[in-house]
Amino acid sequence: MTHLCLRLRSGQMEKNSKISQIAGKIQPYVFLLPAVIVLLAVTIFPLIYSLNISFRSVTLLKLSHQPFVGLSNYIQIFRDPRFYNALQKTAIFCVALPLQFSIGLALALLADYLPGKGSFKILFLLPMIVAPIAVALVWRFMFNPNRGIINYFLQAMGFSAIPWLSRSGTAMASVVLVEVWQWTPLFFLVLYTGLKNVPLEPLEAAMVDGASRYELFRFVKLPFLKPLILITVLIRLIDVLKNFDLFFGLTQGGPGVSTEVLNLYIYKAGFKWFKLGYSASLSYILLIIIILVSNILVRRFRTE
Amino acid sequence: MKLFKRLRRGTVLIIMVLLVSCIVAGAQEKPYAGTTITITSLNAAWADAAISMLPEFERLTGIKVVWEPLPFDSIHEKQVLDMAAGMGTYDVLSFDNPWLAEFAGSGWLENLDSFVEKTDFPLDDYPAQLMEYWRFEGNLVALPFQPDTRMIFYRKDLFKEAGFAFTPRYWDEFVVAAEKLNNPARDVYGWDFSPALTVVALVELLPWIWANGGDLFDKNMKPTINKPEAVQALDYYVTLKKYAPPGIESRLWDELLNNTLQGLTAMSVQPSVFAGKMDDPKLSGVVGKIGYFPVPYPKGGKMSAAIGGWCLAIPWSSKNKEAGWELVQFLASTEIEKQMALTPGSASTPVRISTLSDPEIQKMEYIPIFLESLRVASYSNRWKIVEWAEIQDYFTLTIQRAVMEELTPQQAFDEFAAKVYEIMKQAGYYQ
């Protein structure tokens with residue numbers, strides 16, 4: 001009787017184990033499914049759709065009519081002087097990156113050197129936390145040539161007022177200033193944390209060997225910081241290349257086209273002129289540029 | 001007994017018939033009771049005034065209204081996206097006049113002629129000079145709403161101090177006034193305007209181009225913008241910048257308004273709707289000091305003005321078109337127009353002849369100037385070009401670059417004429 005029961009039960013268990021085996025295999029995929037669907041819908045589908053319309057002549061005013069035009073949009077881009085202007089302005093804007101990095105590094109070294117509680121240093125992080133568009137709008141008020149607070153202080157100190165956002169040269173400089181103001185804290189945070197976490201043994205060994213403060217930094221701390229620097233610079237580089245909020249809030253590409261960076265031009269072509277096909281092809285060019293530049297950056301870092 | 005039963009049955013029947021007919025009659029008075037409709041417009045002060053009148057509308061018709069005010073930066077995109085995708089989010093639209101050709105040309109606006117006929121809407125109460133614009137291919141597609149023209153807002157006290165007996169009518173007198181009133185040391189500037197990258201630059205410059213005998217296109221839609229008349233107007237526009245407060249090249253309309261409200265400028269060009277804000281003690285530092293005169297023109301030219309403003313229309317994708325028309329009728333009615341215009345701080349201008357003739361409205365200081373400008377006004381996209389958005393963008397960019405002195409006026413308009421030609425050619429206007 002028990003034998004029979006046991007055999008029956010083990011037979012059932014065998015059957016169960018087959019189902020449970022399959023179930024076990026599918027299970028992780030089932031749990032992944034919602035995330036994958038969202039990813040497909042929100043990321044992959046728009047990517048493919050915009051690639052598709054970049055090869056078509058599409059205007060928002062007549063979505064039903066999307067004739068295939070091959071590379072025509074891309075060819076138009078290379079003939080477009082405004083595109084080259086946008087490239088140039090984006091490249092100029094990249095100067096904000098070494099500025100953020102060097103100031104952030106200097107501050108981190110300073111903070112590392114100074115004794116004191118970390119809580120004070122948290123105040124440095126505030127600019128990062130504010131939404132970029134809010135940053136842009138508040139700075140726009142501050143830059144106001146007649147009533148803004150910056151010119152107020154300048155004039156109080158005896159200097160003449162500067163037309164921050166109304167002259168080509170100073171407009172770009174102003175946006176760079178705001179960008180550096182907002183993101184230097186990120187470098188400060190990462191590098192300061194990195195400096196505080198440098199492993200003690202190599203450090204002490206070097207100190208014992210009589211290394212100067214500079215040599216300590218250059219040969220012990222810096223190599224340790226390298227991966228952190230690479231990651232942060234990479235993330236920020238991508239953000240700088242596709243910056244939109246600051247330009248939209250501060251200058252709208254003006255005065256003239258002196259601050260019309262590529263992402264802003266993409267927006268204008270797509271949502272002010274409604275030329276979606278052209279806008280899509282411009283955005284793919286931007287994507288290619290970002291991929292190329294990031295690759296070069298990573299490779300240079302690796303070989304060093 | 002049988003008779004009594006029959007009588008009882010009869011009375012019950014009669015009562016039921018009466019009840020049902022009452023309900024039916026009541027329903028016919030409010031046929032759309034219970035619907036909810038959505039309207040979108042600029043987030044202007046007049047929108048707030050209109051929103052405060054909505055409970056009255058609901059009481060009259062039983063229709064609930066959701067009003068979605070949008071900022072100027074994004075209203076164009078949002079409306080285009082809604083209609084392009086046929087989402088039906090909006091049942092009534094208030095859009096800016098230059099977009100008429102775009103919207104109507106894409107077939108997105110309901111033909112209002114049938115609504116006007118069905119409800120006997122008094123279309124002849126609208127100024128005839130305006131109404132032609134709002135027809136596309138013969139169909140009435142929108143009703144003008146909250147019109148405005150540019151006019152000069154000037155400081156009456158500063159004029160008196162400077163000894164001016166009358167307001168300037170011609171370009172040369174105007175320069176004299178701007179020069180005399182320009183006193184940066186005293187923190188007062190002679191003139192202010194907005195050449196930044198928005199349609200505002202266009203409605204400031206176009207009247208001067210038109211007054212000088214120039215225009216964007218000729219009869220065959222070929223660009224004539226680089227002809228001497230137009231270039232002279234741009235040159236005049238640019239030379240006036242020396243009387244303007246610093247930062248003029250990137251001045252947007254909100255800063256322009258604020259400069260006037262704070263007494264920084266003796267004269268500035270503003271939309272007529274902002275006249276209401278000048279005497280608002282909460283906003284204005286120049287209450288009671290601002291007067292108005294029409295935009296000056298060259299001697300030998302003819303007075304001209306740019307009319308702008310919004311409208312009321314029904315998108316093709318709306319699911320409640322008749323209910324939407326009820327709202328349009330309400331907002332466009334003389335009583336509501338008048339109430340909105342008289343609400344303090346609403347910066348609302350009526351458009352109907354009956355409202356504009358009302359003595360209470362006529363008492364408002366800017367209205368006579370508004371009417372005088374209206375007589376000679378044209379819309380900026382009066383050719384109703386569907387591809388206007390791109391043309392407008394390059395036009396305003398050109399104006400800004402000329403003001404920045406990156407290009408001379410002739411160079412600027414030469415470049416722009418070439419670009420416009422390209423755009424029009426690509427759009428198929430030259431066969």
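Modeller: This is a predicted model. Start with chain B. Its domain assignment gives two domains. Domain 1 takes residues 29-147 and 309-378. Domain 2 takes residues 148-307 and 380-426.

Now look at where they meet. Domain 1 of chain B gives 26 residues to the contact, and domain 2 of chain B gives 30. On the domain 1 side, four elements of chain B give two or more residues: α5 (100-105), β6 (143-155), α18 (367-375) and β10 (377-379). Of these, α18(B) gives the most, with 5 residues. By class, the domain 1 side that touches domain 2 of chain B has 14 nonpolar, 9 polar and 3 charged residues.

Next, the core. The largest nonpolar core has 171 residues, and B:Leu205 and B:Leu312 touch the most other members. Its largest share comes from chain A: helix α9 (residues 168-196) gives 13 residues. Back in chain B, B:Leu205 touches B:Ala233, B:Leu234, B:Tyr237 and B:Ile399, leaving aside residues up to four places away in sequence.

The two chains also meet. Here 20 residues of chain A are in contact with 23 residues of chain B. The chain A side of this contact has 12 nonpolar, 5 polar and 3 charged residues.

That brings us to chain A. It has 14 helices and 0 strands. Its radius of gyration is 28 Å, well over the 19 Å that the globule rule gives for 304 residues, so chain A is more spread out than a compact globule. Along its principal axes, the C-alpha trace of chain A spans about 105 × 75 × 40 Å. Buried residues make up 30% of chain A. Take the contacts in chain A between residues at least 6 apart in sequence: 70% of them join residues at least 24 apart.

A:Ile266 lies in helix α13 (residues 262-272) of chain A. A:Ile266 is buried, because 23 other C-beta atoms lie within 10 Å. Beyond residues up to four places away in sequence, A:Ile266 touches A:Ser279, A:Leu282, A:Ser283 and A:Leu286. A:Ser283 is 17 residues from A:Ile266 along the chain, and their C-alpha atoms are separated by 6.4 Å.

Notes: Residues numbered from 1 in each chain as written. Chains lettered and ligands numbered in written order. Predicted model: local features only at pLDDT ≥ 70, side-chain atom pairs only at ≥ 80, totals over all residues. Contact = placed C-beta atoms within 7 Å. Nonpolar A, V, L, I, M, F, W, Y, C, P; charged D, E, K, R; others polar. Core = buried A, V, L, I, M, F, W, Y, C linked by C-beta atoms within 7 Å. Buried ≥ 20, exposed ≤ 12 C-beta atoms within 10 Å, placed from the backbone. Domains from an automatic or database assignment. Rg over C-alpha atoms; globule rule 2.2 N^0.38 Å.
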